Structure formats: structure tokens, C-alpha cells
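Here is a quick tour for anyone opening this structure for the first time. Take a look at it, then read on.

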Amino acid sequence: MTFQRLKSHLPWITLLVLVAVVGAVDPTFLRPVNLLGLAGDIVPLFIMALGLTFAIYIGGIDLSAQSMANMITVMASLYLSSLGLWVAPLCIAVGFLLGTVSGYFTTRQFVPSFISTLAVGGVCFSMAQWLSGNRALNMDATQRDALFGWMIGRTGIIPNELFIAVGLLAICLFIERRTTLGRALKAVGAGELAAAASGLNVGRFKILAFAISGALAAVAGLLFSVKLSGGAPTIANGFLLPAIVAVLVGGTPLTGGVGGVLNTAIGTLIVAVIRSSMLYFGIEATQQQMVFGLVLIVAIALTIDRSKLRLVK
Amino acid sequence: MYELKGIDKKFGGVHALKHVDFHVKRGEIVGLVGENGAGKSTLMKVIYGAYQPDSGQILMDGKPVRFANPRQAMDQGIGMVFQEQSLIPNLSVMENIFLGNEKQFTRAGLFDWAKMAEAARHQLAKVRLDVDPRAPTSGLSFAQRQLVELAKVLTLEERIEGDLVILLDEPTSVLSEDEVKLLFKLVRELTNRASFIFVSHRMDEVMELSDRIYVMKDGAVVDVVARGQSTVEAIQHTMVGRSIDNEYYRETRQKPFDPKTRLVELDRVSLPGRIKDVSLTLHAGEVLCLVGTEGSGREAIMRTVFGMLSPLSGSVRLKGEPVQRPTPRHAVERGVGYVPRERKVEGIVAGMTIYENMTLSQMGRYATAGVLGTGAERRLARDWIKRMSIKAPSENADCGNLSGGNQQKVVLSKWRSGGSDIMLLDHPTRGLDIGAKQDVYTMVRDMSDDGVGIILAADTLEEAIGLSHTIIVLKDGAVQKTFDCTPGRKPTMYDLLHAML
């Protein structure tokens, strides 16, 4: 088997090898409760990575995801008491809208997505600081449990977050594989010029990809704030790098067009294993981003399709 | 003094240079002519060191040499004046002239600008150009830039001991008549120091300037003509002349088109810098061929019809209906199909399967509420794979892995299966082998029989003449002449060349 053919199988092989290695060091790691707990803990990050997959699949990037989640934790904490359940659609709509803004500037004004989403992320961060008065906010515990408690409990030994994750993954997978939107996004990622020369409204589909990314970042923020029963403008810091790592080690390269949301699910599990293995190997939490930074660079170098790039600046 | 012996160069399966012998004597001006794709550019690139020949020898003063890159060729006195302007617009004139050779003006890493300006003035004087060497290049006219390019190459005079060979690639294409005269005068004066190789599409200029002319065709030198020994007509015949078999282009299948059904009407359409005042009508069953040199507006016209470009003035009608806000989406809905020249970039999406490619332009037909019916897509693909005899393992094969001819058939199937009856074919046979080309010609006739109107930009003049009902010759974005191409009354290549150049 050549390396090219092996390449598409690398993510899940990596995952199995990592699990086996950590399991060999500490057999308790392999206990189902531990594994399920591990998976449940990473769900907010997974949802963010799921959204990012759409932006990266078309060959773009969404750097606003983390700030978006931050802002949403603040909004959710602030408006839960007044809006009740309606706070969820509000948050998702805000995420969708701000994603649309990034998408608009990227496609219609030709601002590269890394800068347009960085700018929108800056707006989100500042908005979070302003809305929260720059301090941590708490949700009313009884109201949270009444409205969103179902999100965080356990059913048997399975964390409820996992059901949400699987549900969202199924929806995204359906969009990717079975809808005209998914097909169009694939065409844009794999050959944007050919898609345009086939009469596709490329700009609209690209904006939608960023909007979906924004909406899912908002869902991630919402879940995170429910989990922590509160919000703060920096509460989700440290999410962005692992989320991008999850997409890339999963097998969706920065150049887009291949991979997809299922790959991101595997990529996120790899991130989860790396993260917990760091605990086993005694790497402190403050040092984790160093590891993710290195993994990110290596993952990009391994997955990027150099034939699609003329110049890198 | 500079000589090529038995030079061969292949790119994959394409034999770009076939055993080319070529030499330039001291102080000689040598012309190089041939159709697009005859191998002129490849030969130039071998001469100035950008390509290395697969076999054969390069001799300078009788001694074999080998250039790994243009820089090494330059160090031996071979300089290239580029056709496309290669100056960097945001640098000053003098910085451009000495780009890559700044060392002589630096001390401890700092520039002595005054010294550089002085040296640049000296170079500019050689080409009689009176501009401030410190001025930004972007402020210069095209003609001035062309002269700066020449001045840049002439810095070799100081740097190199021996004789120079200077290549001029289409240097007159952006110049006015007076400027051309000035350039020619300069070139003649400079022959005391340098030999020149002059490539141009303008045959009269080549005849006027050159001492000898090399005529290339299909990668080989087919004739060498000394000054005054031939006529423009004779050279053009050698350039293009090859026997054309009527059957090759399926001419017997060319039937009259339906003059009553107008599919595309352009009325005085203009796009600044691309096309001006173009009017044309495409009828059902007609093959209308646009003929012209690179940049004459063929692609711009097709992209205007497809809605990728919006004309600044004039009107576009598709099937009688005026187009208000042109977009590709709108054109596709009206039945326009576009087969772009860059097949791998714009024609197919590599990484997607055959069936995904075929339905890309018509996903709406295979979807209910945005959900695709993949089964129907696959059936369509299997059907067209059979109809077009596309060689592929299955409809799930990645389009990027198909051969050029089969990729082109996928692109054609994409439009034809969606019922497109206005087809824009931009160099549909480019890079295809003979068999695949003939398949495309057959498909063109099939489409005409079905009442499809085709706007074609052909790969060669023979192809244009062989396939079309009507030929429109374009020059600098404007319609030059229209030819009727009814079988038996087809224009000759010579007729077309005359209108083109």
C-alpha cells in the first residue's frame, strides 16, 4: 500500500495507536467509564471543531470560533433569566449572523478569511468584555437545571453531551454527504474555479460555510456555559488551537476539498487522548498549548496539498 | 558563434522540439516564426537557459556549454527581453535595470544611489530613452518600459567580455509604428556588439529586420530563409501548410444551420481593454468560430456570454431575451454550457467523482428540498459514460485520474445531459491526442444535428476552418472580418492570417 493510499487511513490508525500506548502505560485508562467520560468532556471542543471543519473544508479558516464561544457564554449567562429557553436560539442566531459577516467580507470584499474572522473574533471578545463588565457571571442554578439540565447529566454511564455530539455529527454528515450544500462546498474546496464555471453561486455557499461555523461555535459556547453554569470573556480560551488541531489531524487539510466532519470526530478523539495522556506523562496544563502548537504545525505539514498552493506568505 | 545542434525536448508525451539545428552569426539578426504551439517559446527557453534540452548540443564559439538556469546563460552573454513586461512596477527604473546585479553599487550593504543612477543613465542613453532613473517604473508608458527592458539586457555589454546574443520576444506588440522604427534602428546599431534573435507574429516586421528567418512547425525547423529570398506569403504557407483531410473534421456532416432561430445575440458589446463594439449572432445548429491571436478577445466574448464578465456597454440576448444582470447561474438556466480552456482548473473538479462532476451544474434537478438523490445521479452518469464512451472504471472514479480526452467528455456530458443548447467551447481539443480530438469533432457535429449553437475558439486555424459555419476574425478585441464557411467555399488559412495580423 502506497503512502498516498495510507494517508486517508492515518487518522484512525493514529487514534488506535495512541489509545493502545496510553492504555499500556495505565490500563485503567481503557475502562469504558473513563473513555466515555473523556469523550464527554471534549464535546464543546468537538462542536467548535465541527463548525471549523466547514470553514476549512472550503479552503478557509475561522479564527473567531473561540472568541465567539466566549461571547456566547456571557450572553447565555446574562439572558438566561429573562429569555429562558429562548436564549438558545438567540445565541445560535448571533453566531450564524457573525459568521455571515466574516463570510461576506471574505467572499465579497476579498478579505482573506484568516483576517476577517480574526477581526470578527476581536469584536466578539470585546463585546464579551463589555457585556459582562469584564467579570465572571453565574447562571441561576435552578433555572439552568430546569431548562438545560438534560444537556449535562448522564444516562447510564454515557454522558448526555455525547448524545448531543452524535446528533450534531449526524446532521453535519447528512449535510456534507447528501445535500446540494454539501456537494457545493466540496466543489468549492476541491476546485473553486470549476465550480464557478459550472454556474454555482460560489460566494453564497462560502458565506454559508462561515455562517455554519459561527453557529456551531455558538452552540459550543452555549453548552460550555451550561456545563460551567456561567460565563466569562476568557472562559473558552485555549479552545481554538486544539479545535484546529482536531480538524487537521482528522484529515481535512488547510487546502480544503477532502476530509470532512467524520474525520473531525476522529481528530477530536485524538486531541482528547493526547490531552489526557499529557496528564499521565506529567505535563502541566500550562504546558499543553505548547504541545498543541507543535502538533498543529506537524499536522499541517503532513496534510497540506502542496500542488494547490503557488505561494505561501 | 552561438549554435544549437540536434536539440530535442519532450514534455511527457509531447515532442516540443524535434532535432532542431539553429545558429546565429556574430552581429546577425535572426528571425524566428511559427504558429502558436510550433515550438518557438520552447526553443527560446532552451536558448536563454530556462529549459535544458533532453539531447543535443549547445555550442558557443565552437565549445559545448550547458546552462542550468537563465543566470548562467546571462553570464555567457545571452540575454532575454521578455514579451510580457517583466519589470517590477513599484521599483524605480534604475533598480529594475540592475535587479540582481546591485552588488557593484553597494558598500557594506548600503546602496550608493547616486552611482547607480549614473550607471542607469548610461544604460538608458544606449536605448535613447530620456527618463529619470529614479522614477518609479509604474509611471512609464508601455513603449518606454519595453526600452527599459532592452536597457536592462544591455547591461551585459559591461559585464561580459565577449559577444552578446539578445532575444527579443514579440517586442513590437505594444509599440506604435514610430516606436517600432526607433526600436529597429537601435537594434541595427547594436549589431556591432550583439547578435539578435527576433520573434514576432508580424511577418512584415520579421522580413524587414532579419538577415535570416527560421520557420518552425510542429516542433521542427522546416525552413531557413535568407533576406530577400522569400515572400511573406511563401513563409506563411510553410508555417501552416499541411494537408487537410476533409474527413478529419467531419466536414461531410456539416449541414446548414437554422437562420431563423437566434440563440445568442451580442449588440455592440464593449469591455474596456478586452473587447470593443462586438456584435454577433449565433443560430441554432451553427458552429461559430472566433479566430484571433492571444488576447484578441475570444475568451472575453465567451465569458461575457456565460455571464462571468459584465459588459460596460451594449446588450446581450440569450434566446431573444435580454440579459439584465449577467451571472453564470443565469446563463446556465438559459441553457448555456461552458467548456473552458483550462480543463483541469475550470473544467472538472479533481477529487470529485464522475457523477458529482456531471451534475455539478444541475444539482437542482437531482435534489428535493436540497437533498440529493444520488441514485438518479449515478444512473445519469452511467448512461453518459456509455453514450460518450468515456473510459473509466465506474461513475465513482475520481475525475482527476482520467485522461485529458475523457475529462473533456465528462465536461461535455455535464452540459449536454443538462440540456444545454448554447455551447461555448474554448480550445476543446487542447492537449488531446488525435483519437480524442476526433471524438470531440464528432460530438461537435452531433450537437449541431441536435440544433445546438456552438461558439468555438479553435486550437489551430485548420480546426477553425474545418469545423465552423462562420468564422469571425478578431484583433485587439474588435471584429475584423467575418467569413462564411460553407463547405466548398471555406476560406484558406492565408485569408484568415491576413485578417488576423
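Let's start with Asp484(B), which is partly exposed, its relative accessible area being 38%. Its salt-bridge partner is Arg489(B), with N and O 3.5 Å apart. Arg489(B) itself counts as exposed, at 58% relative accessibility. Keep in mind that everything here comes from a predicted model.

## Charges that link the chains

Other salt bridges share partners, and one network made that way holds Arg183(A), Lys186(A), Glu356(B) and Glu377(B). Take Arg183(A) and Glu377(B): they form a salt bridge whose closest N and O atoms are 2.6 Å apart. Arg183(A) sits in helix α10 (residues 180-197) of chain A and Glu377(B) in helix α14 (residues 374-387) of chain B, so this pair joins two chains. Are these two partners buried or exposed? Arg183(A) is buried, at 4% relative accessible area, and Glu377(B) is buried too, at 0%.

Lys186(A) makes a salt bridge with Glu356(B), at 3.4 Å from N to O. This pair also crosses between chains, running from helix α10 of chain A to helix α13 (residues 354-358) of chain B. Glu356(B) counts as buried, with 8% relative accessibility. Over all chains, the structure holds 36 salt bridges. As for the reason such pairs can form, side chains of opposite charge can pair when their charged atoms come close.

## Where the two chains meet

Now for the interface as a whole. On the chain B side, 29 residues are in contact with 18 residues of chain A. About 1900 Å² is buried between the two chains, and carbon and sulfur atoms give 61% of that area. Which residues of chain B lose the most area to chain A? They are Leu360(B), Met363(B) and Leu372(B), which together make up 25% of what the chain B side buries. Between chain B and chain A, the salt bridge count is 3.

## A six-stranded sheet in chain B

Chain B has an open sheet of 6 strands, in the order β6-β9-β10-β3-β11-β12, with mixed pairing. At its edges are β6 (78-81) and β12 (220-226), each of which pairs on one side only. From one strand to the next, the twist averages 20 degrees. Two helices of chain B pack on this sheet. Helix α5 (residues 142-154) of chain B touches β6 and β9 (164-169), and its direction makes about 170 degrees with that of β6(B). Helix α7 (residues 177-190) of chain B touches β3 (29-34), β9 and β10 (194-199), at about 145 degrees to the direction of β10(B).

Zoom in on one end of the strand order. Strand β11 (residues 212-217) of chain B pairs with β12(B) in the antiparallel sense, over 6 bridges. Arg212(B) has Ala226(B) as its bridge partner in β12(B), and Tyr214(B) stands opposite Val224(B). The hairpin of β11(B) and β12(B) has 2 residues between the strands, and Asp218(B) there takes a positive phi near 50 degrees.

## Nonpolar cores

The largest nonpolar core has 98 residues, and Ile47(A), Phe54(A) and Met71(A) touch the most other members. Helix α11 (residues 202-228) of chain A gives this core its largest share, 14 residues. What does Met71(A) touch, not counting residues up to four places away in sequence? The answer is Val94(A), Leu98(A), Cys124(A), Met127(A) and Ala128(A).

There is also a second, separate core of 82 residues. Among its members are Val339(B), Tyr366(B), Leu496(B) and Ala499(B).

## A helix tucked inside chain A

The last stop is helix α12 (residues 240-250) of chain A. Here 10 of the 11 residues are buried, so the helix is largely enclosed by the rest of the structure. The buried residues include Leu240(A), Pro242(A), Ile244(A) and Leu248(A). Their cover includes α2 (10-25), α4 (43-57), α5 (65-83), α13 (261-280) and α14 (288-303) of chain A. Just after α12(A) comes Gly251(A), which takes a positive phi of about 115 degrees.

Note on methods:
Residues numbered from 1 in each chain as written. Chains lettered and ligands numbered in written order. Predicted model: local features only at pLDDT ≥ 70, side-chain atom pairs only at ≥ 80, totals over all residues. Heavy atoms only, no water. Salt bridge = Lys/Arg side-chain N within 4 Å of Asp/Glu carboxyl O. Helix = DSSP H or I, 4+ residues; strand = E, 2+ residues; numbered from the N terminus. Buried < 20%, exposed > 50% of the residue type's maximum accessible area, 1.4 Å probe, protein only. Pairing = 2+ DSSP bridges. Axes fitted to C-alpha atoms, helices over the stretch in contact; angles between N-to-C directions. Contact = heavy atoms within 4.5 Å. Core = buried A, V, L, I, M, F, W, Y, C linked by side-chain atoms within 4.5 Å. Buried area = accessible area lost by both parts, 1.4 Å probe.
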